[in-house]
Structure formats: structure tokens, C-alpha cells
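The sequence and the structure come before the discussion.

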Amino acid sequence: MTFRVTCIGAGIASLSAAVALRKHASSIILLEAAGSIEQMNVRAAGLTLLPCGTTVLQKLGVDPVRDVQAVRVQSILELDWEDGSLRRETGPLPPTCFAAHRGALFDALVKKATGADVDGDGSPPAQLLLGKKVVDVDVASGKVATEDGSVYESDLIIGGDGVRSITRRAIVKEAIVQPSGLSVYRWTMSPSDWAHLPQDAKARIDDLVGPENNHANVIDAGEKRIVTYGCHESGLVTGALLLPDYEVPRTTEDWASAGSLTHLLSKMQDLHEPFKSLMSCIPACGLWQLRKQAPLRTWYKGKAIILGDAAHPMLPFQAVAGCLAMEDAEALQYCLGAVGHRPERVAEALSQTFCMRFIRCSIIQHFSNSSSFGNEFMEKAARWSLENNKQGQDDNVVPVTSSGLDHVVQRDIVERVRETAVAFDARTASSWVMGYTLDDFVKNGRRYILERPYV
């Protein structure tokens with residue numbers, strides 16, 4: 001049987017889907033706009049693998065330690081910005097909670113998707129095509145056109161193309177992604193970058209972010225926050241500084257956008273030691289604006305579905321977006337398997353996938369977008385960003401302009417999600433987010449699965 005798959009984008013969602021579907025597809029093509037892996041900037045940051053993501057990754061045949069060189073995260077330390085005193089420690093975290101370098105995870109998933117058939121089942125490798133910017137998605141015919149004039153026809157289109165998803169625009173016409181009011185500097189560092197520091201500083205750094213004693217360090221100063229942790233067994237450390245848009249140079253939602261190292265370091269002059277010394281060793285940084293989105297009324301149409309950030313972008317406060325993208329891919333494979341991976345039943349499988357994933361992802365989206373910075377500050381920051389956009393400084397942001405029935409449906413969905421989310425207490429919410437497995441969810445999570453799609 002012929003079953004052709006085209007994935008738009010080569011991020012975590014598309015690559016996970018390619019790995020999950022490899023045994024069942026006659027062909028899988030991944031179309032990535034970037035002309036090279038370096039231009040994708042996948043090596044610029046780390047990510048957290050919560051137990052829910054670790055479980056999916058292992059089912060895909062990727063071991064976090066062996067294949068990704070991920071390191072355990074033992075606890076979350078909340079530290080005072082000025083004196084470094086411990087405000088609170090959350091932990092110990094589950095033994096399957098890891099931190100990983102995005103580049104290492106990318107390499108492992110690419111190898112699993114496009115490498116040799118190590119399982120001996122005769123499954124053809126996926127093809128990763130770089131420099132293929134998608135300009136049109138026809139969800140009815142399954143045809144995807146790229147800027148160079150090529151056209152790819154398939155039985156299933158997977159839009160794993162992030163916040164700026166062209167696939168989403170082919171499914172849901174309204175533009176609803178808006179600035180959150182926050183931007184983030186991101187960086188990675190190697191032990192060689194801080195090798196010149198005094199021995200006592202290096203020992204303290206190793207106690208906090210070393211491969212054998214790794215913690216997620218959250219350093220808060222009211223309207224700015226640093227999060228840093230070790231993300232690779234080689235000693236790589238990743239970090240982020242979150243601050244309001246009005247405190248940074250012009251910022252856009254562009255994963256590959258470079259940041260000003262001078263400006264970044266100027267925001268950390270009052271930081272405590274040893275982190276002040278550590279941050280002074282940052283070799284380079286990226287800067288981009290964080291966007292947020294209300295839950296969509298649908299993720300699929302015709303032969304196409306969106307997964308990951310294309311479907312449910314969120315602020316990084318739950319550190320779970322990458323895990324959700326892998327969960328989406330696993331659920332898609334499960335639902336396609338239920339219909340025998342038959343092309344004529346793709347629409348049915350896409351509907352089932354949406355119903356299975358929508359409530360869980362939307363609740364976590366609500367948790368993540370409910371910033372711990374405080375509502376008054378976030379409202380001020382978001383208002384400034386929207387007014388700044390009205391001045392024409394960012395053409396990629398389009399305010400919500402939906403009306404009529406679609407608007408009524410959308411508003412009702414948002415309210416239902418909010419009501420469900422507020423019923424969780426903090427401890428229950430954490431367990432529900434991290435402890436997810438697909439098998440248990442299908443068996444015991446019926447209250448979080450839609451009986452039918454909204455539209």
C-alpha cells in the first residue's frame with residue numbers, strides 16, 4: 001500500500017512524526033526552509049525532557065542518555081538575584097527528567113528518521129531536504145509547493161513549522177499569534193568558555209550545573225529572570241534571560257536572530273556570584289520575541305494537520321513544549337494505526353488526533369501562558385508590544401480579526417479551557433503534566449478527550 005507523507009519544517013514535531021511513521025509510510029519527505037543545519041540554529045539552546053517526553057522518545061527508539069547525551073535534572077533551585085540565597089527548592093525531580101542540547105536531540109532524531117533500516121523491517125528512510133521554503137499548502141489535494149517551483153504530493157501533510165506556520169494559515173485563516181510582552185536571550189556555553197575562572201568559582205558552578213549535580217536554576221529579579229542548567233554530558237550549559245520587550249533592542253519572533261552580547265551582559269551587572277562571572281563568559285547569544293496564542297478551534301483540514309508549536313505555541317514557563325510536540329507525533333501515529341494507515345481514512349485519523357490532544361495541550365498552554373511574573377506586569381508588557389507593532393515595527397504580527405460564527409466558537413473554546421485548567425491545584429497539575437503516557441491517557445483520561453471536533 002502506498003502511503004506518502006510530507007512534513008513541513010524539520011523541528012521536533014516533524015522529526016518525531018517522521019520517526020513514528022517510518023515503518024508505515026512508503027515515503028516521508030521533510031521540507032526545511034533553512035539552507036543548512038547551521039541556519040536552523042538548533043544548537044543555540046537546550047530543552048527539558050520531562051518524564052512524559054522521555055517516555056515518547058524511548059518508544060521512538062531514542063535513548064536520552066545513550067543517543068542524546070542528556071543529563072538528569074535533580075531539582076529546581078529558585079535563587080535570589082542579588083545574593084544567591086536559596087528561596088525554594090523543588091525536588092528531587094523524577095529520575096526520567098533530563099535536560100538535553102537541542103542540537104544533540106536534532107541529530108538523534110534525524111539519524112533515526114533518515115538513517116539505515118536498523119530494525120530490519122524494510123522501512124525506507126525519510127528524506128530531509130534543506131532550502132525548501134514552502135509557499136503554498138493545498139490541504140484538499142495534499143500538494144505542497146516550494147519557492148523553487150517544486151511540488152510535492154502526498155496523502156498526509158504534517159505542519160511542524162512552528163509559530164509562523166504556513167500550514168496553520170491553510171487550515172485556520174485567522175491570524176491569532178500575538179506578542180506576549182516578553183523577549184528572551186538564549187545561549188549555550190562550553191566548559192572551555194569559563195576555564196579561566198578561579199577554581200572556587202568553577203567548583204561552585206559545577207555544583208549547580210555540572211553533569212553529575214545538575215539543577216535548573218531560576219534567578220528572579222522582578223521584571224527579569226534567568227534560567228540556566230546543564231544540558232549535555234560534555235558539560236555544556238544553556239541559559240535564558242527573560243525580560244520585557246521595552247527593555248531590549250528591536251525584537252522579532254525569529255529563532256535564528258542574533259542578540260547583542262553587550263546589551264545582554266549589561267542586564268546582569270547586579271547578578272550574584274558565581275553566576276555573574278559565568279555569564280561574563282557567554283560567547284554569543286540569540287534574541288527573539290516570545291509569542292502566545294489562544295487555543296485553536298481546529299488543527300486539521302483535508303489531508304493536513306499541525307503539530308507542536310504550529311498548533312499550540314506557549315510561553316516557556318512549563319518547559320514542556322518540546323515534549324508536547326513528541327506526544328503529538330505519537331498520538332498521530334496511534335490514530336493512523338487505528339485506521340490501518342489507509343490514505344482514504346486519513347481525515348478520520350486527523351479528527352481523532354485532534355480530539356485526543358486538544359484538551360491536554362490547551363490546558364498546558366493555559367498554564368504556560370499564565371506567567372509567574374504577575375498579571376499586572378504581563379499586561380503592561382503585552383500592551384506596550386502591541387502598541388509598538390501598530391507603529392509598523394513588526395510586520396509578522398497580525399491582531400485577531402475573526403468575526404461571526406468562528407469568533408463565537410473560538411471564544412467558547414477559550415472559556416471552556418480556562419474553566420478546566422483552574423480546577424487543578426499546583427501539585428495535581430505538575431503530576432498530570434509530567435506523568436502522561438499515551439496508554440494510560442487512552443485508558444483513564446477520557447474526560448480530557450473530545451467526543452467530537454468543534455468544527
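## Basis of the description

The model is predicted, and local features need pLDDT of at least 70, side-chain atom pairs count only at pLDDT 80 or more, while totals for chains, interfaces and linings use all residues. Residues are numbered from 1 along each chain as its sequence is written, and side-chain values use heavy atoms, with hydrogens and water left out.

Helices (H or I, at least four residues) and strands (E, at least two) are DSSP runs, numbered from the N terminus.

## Helix 9 against helix 10

Two packed helices are described by the angle between their axes and the distance between the axes. For helix 9 and helix 10 the angle is about 150 degrees and the axes are 8 Å apart; axes are lines fitted to C-alpha atoms, for helices over the stretch in contact, and angles run from 0 to 180 degrees between N-to-C directions. The two helices are therefore roughly antiparallel to each other, on a scale where angles under 35 degrees count as roughly parallel, over 145 as roughly antiparallel, 65 to 115 as roughly perpendicular and the rest as oblique.

Helix 9 passes helix 10 in a right-handed crossing, a crossing being right-handed if the near helix is turned clockwise from the far one by less than a right angle, and left-handed if anticlockwise.

## Helix 10 against helix 13

Helix 10 (residues 346–369) also packs with helix 13 (residues 426–434), at an angle of about 130 degrees and with the axes 11 Å apart. This pair is therefore oblique, and its crossing is left-handed. Helix 10 contributes Arg 360, Ile 363, Ile 364 and Phe 367 to the contact, and helix 13 contributes Ala 429, Trp 432 and Val 433; these residues comprise six nonpolar, no polar and one charged.

## The covered helix 1

Helix 1 (residues 12–21) is mostly covered, with ten of its ten residues buried; buried means under 20% relative accessible area, exposed over 50%, and partly exposed in between (1.4 Å probe, protein chains only). Its buried residues pack against strand 1, strand 2, strand 3, helix 4, strand 12 and helix 9.

## Individual residues

His 215 lies in the loop between strand 14 (213–214) and strand 15 (216–220), and is buried, with a relative accessible area of 9%. Its side chain makes a polar contact with the side chain of Ser 75 (2.7 Å); such a contact is a pair of N or O atoms within 3.5 Å, and within protein one must be able to donate a hydrogen and the other to accept it, while residues adjacent in sequence count only if both atoms are side-chain atoms.

Leu 86, in strand 6 (residues 86–90), is partly exposed at 49% relative accessible area, and the C-alpha atoms of Leu 86 and Ile 219, 133 residues apart along the chain, are separated by 9.6 Å. Pro 125 lies in the loop between helix 4 (102–114) and strand 8 (127–129), and counts as partly exposed at 43% relative accessibility.

How values were computed:
Contact means heavy atoms within 4.5 Å. Ala, Val, Leu, Ile, Met, Phe, Trp, Tyr, Cys and Pro count as nonpolar, Asp, Glu, Lys and Arg as charged, and the others, Gly among them, as polar.
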